[in-house]
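Here is a short note to read alongside the model. Could you keep the structure open while going through the points?

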Amino acid sequence: MSLHADALAALEAWAAPDAAQEALRVRYVAHLRAHPDGLERGCRPDHLTASTLVLDHDRAHVLLTLHAKAQEWFQLGGHCEPGDTTLAGAARREATEESGLGDLSLDPVPVELSEHPVPFCGPRDGVLVHHLDVRFVAVAAPGAQVAVSEESLDLRWWPVDALPSGPDGRPDPDIAALVARALHRAGPSGRSDQAGQSTPSALPSAGGSTRAAADQPSR
């Protein structure tokens, strides 16, 4: 099965949690039906992306990366690549590349959809690019150690009740909503997820590391 076929099947079968998410699901499905290249970054002005919110064992911390272009904290993720065969696989690959975490328990069912404009992705004919992000949730393995990649300015475990603040002094409502959905999906530590697999534990690292980077793939 191709990545396009997998994404279309996954989104057609996805049970949206509310009316707003259902409207996005319909939007994504229509986009894929109209665009055979709808998951490629060259599909303009819109294309699907895949991301992962990584939780620690106690569901007390979330791993976020500081985006080089946006200068904001986001979940791990980015564009799909030619070698990807599933949306969940693309999300796992991006999470692994950006965190160094090779043993992630990722729920293959999307936890949330999010459409957002991306000014730095390069407009075409004056039309702003939108990422149609498909978001997943994963839990890191016991004793997992993160590593800052060349794609990150910073990588840090944040307490779920003390997320990074924006210019207005409050956490980004988009990230806060994603964390809430991820916590609801993952459940208490040790609980089996929707995929029927036992969710492993992980010990978060204190604080985070920083490494300067020239660029980072758009999200």
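1. First, the terms: buried means under 20% relative accessible area, exposed means over 50%, and partly exposed lies in between (1.4 Å probe, protein chains only). This is a predicted model, in which local features need pLDDT of at least 70, side-chain atom pairs count only at pLDDT 80 or more, and totals for chains, interfaces and linings use all residues. Residues are numbered from 1 along each chain as its sequence is written, and side-chain values use heavy atoms, leaving out hydrogens and water.

2. Please start with helix α1, residues 3-13, where Leu3, His4, Asp6, Ala7, Leu8 and Leu11 are buried. Helices (H or I, at least four residues) and strands (E, at least two) are DSSP runs, numbered from the N terminus. The buried residues of α1 pack against α2 (19-34), β1 (46-55), α3 (87-99) and β6 (112-117), where contact means heavy atoms within 4.5 Å.

3. Next, the charged pairs. A salt bridge is a side-chain nitrogen of Lys or Arg within 4 Å of a carboxyl oxygen of Asp or Glu, and the count comes to 16. In one of them, Arg33 pairs with Glu12, with the closest N and O atoms 2.8 Å apart. This pair links distant parts of the chain, Arg33 in helix α2 and Glu12 in helix α1, 21 residues apart. Arg33 is exposed at 59% relative accessibility, while Glu12 is partly exposed at 40%.

4. Within helix α3, Arg93 and Glu97 are 4 residues apart, so about one helical turn separates them. Their salt bridge has its closest N and O atoms 3.2 Å apart. Arg93 is buried at 19%, and Glu97 is partly exposed at 38%.

5. Finally, have a look at Asp133 and Arg135, which are both buried and form a salt bridge of 3.0 Å, N to O. Salt bridges that share partners join Asp18, Glu112, Asp133, Arg135, Asp174 and Arg181 into one network.
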